[in-house]
Amino acid sequence: MTHEPGTTVRPQDDGTLRWGVLGATSYIATHLMPAIAATDGCALTAVASRPGRAAAAAELGRPFGAAAHRDYAALLADPAIDAVYVPLPNTGHVEWTLRALEAGKHVLVEKPMAMDEDGCARIEKAAEAASRTVMEAFMYRFHPQQRRAAEILASGEIGELRVVRASFAYRIESGSGNIRLDPDLGGGATWDVGCYAVDAPLLFFGRAPRRVRARFSRRPGLAVETSAVATMDFGEGRSAVVDYSIDYGPRAAYELQGTRGTVMVRNAWAMSGEDGVVTVLTHDGVREETVPAADHYQLQLEAFARAVRDGVPAPMPLSDSRRTARVGSALVASAAAGGAAVNTADDASAAL
């Protein structure tokens, strides 16, 4: 969040937050564009594509009444747009978030916000200077099943949290042309599904680990890591074990292991139309709670739009984004060093 708490920021005279999207893909058209259009007080105003794909952008934006700009810069220059969504390849997130802030736009940027903590710090500084809101798009955090898991943990039913186990994976075929297989575009499992695997323990422990260790594997013929297993030491007997992959899946699950029981969420990516299921295991037995289906993309947009309008902190603070980037970078460094421990604590002295 970048403006003073309590200061109301009106996007336009009628209160509508007008959105532009930098990038024209079927995934964005399937999940993000409908969510923007369905969110009260938001309007999908424009889309833009890289040079040579203006026709594709126009086609994707047409069902929503969105204009198509010839390129990203033209969209940012449009004074009718208040906020932009940045779902570009990972290597473009920092550049285009900074350019959007310079143009006076609020920004919702796809994870990872940056592939190192310095990139996040640059964005935070620019957001403060522009008095604009920036948030990293971790849509899974906004599904009600995550809130329910947190409520059960806070109730003390499973005791003190000791271990988080997280597994996030789906397969990307070799030769598919997917940008996640291109090292020049920030590809690899770590900065794709790995972001979720890293974020889950950081979210529930509420801090960075003291140190991490990671081992990567690479599918033959590819130049990026495609699977990883990592451990995180949070100190005082608390730890996390995560695996993530673009070799196998689909899987998006985590467990919160407490001193008296466990909370399990087996479909953390529950899409619109899919109920969430939270399982609780204690000495009293096992129970399942069904969390009604929800569109976490739309819930994320609603939360972001409220923060912009009301001048309150974004629901995912930039401090969380810095922490996730720091840990992701440390996993890469650990794997490069053969699995050696790398310090990652919020307080450097705590890692000693």
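1. A pocket here is an open set of points on a 1 Å grid over the protein atoms alone, where a 1.4 Å probe fits, with protein on both sides within 12 Å along at least five of seven lines; lining residues have an atom within 4 Å of a point. Points are joined across faces, edges and corners, and a volume is the space filled by probe spheres set on them.

2. The model is predicted, and totals for linings use all residues, whereas local features need pLDDT of at least 70 and side-chain atom pairs count only at pLDDT 80 or more. Residues are numbered from 1 along each chain as its sequence is written, and side-chain values use heavy atoms, without hydrogens and water.

3. The largest pocket holds about 1000 Å³ of space. Its lining has 41 residues, and Y27, Y170, I179, R180 and D192 are the closest to the centre. Two or more lining residues come from each of α1 (26-38), α7 (193-205) and β11 (251-258) (DSSP runs numbered from the N terminus: helices are H or I, at least four residues; strands are E, at least two). The top contributor is α1, with three residues.

4. By class, the lining of the largest pocket has 21 nonpolar, 12 polar and eight charged residues (nonpolar: Ala, Val, Leu, Ile, Met, Phe, Trp, Tyr, Cys and Pro; charged: Asp, Glu, Lys and Arg; polar: the others, Gly among them).

5. For the second largest pocket the volume is about 160 Å³. Its lining consists of R141, F142, Q146, R147, L203, L299, E302 and R306. Both α6 (144-155) and α8 (296-310) supply two or more of these residues, with the largest share, three residues, from α8.
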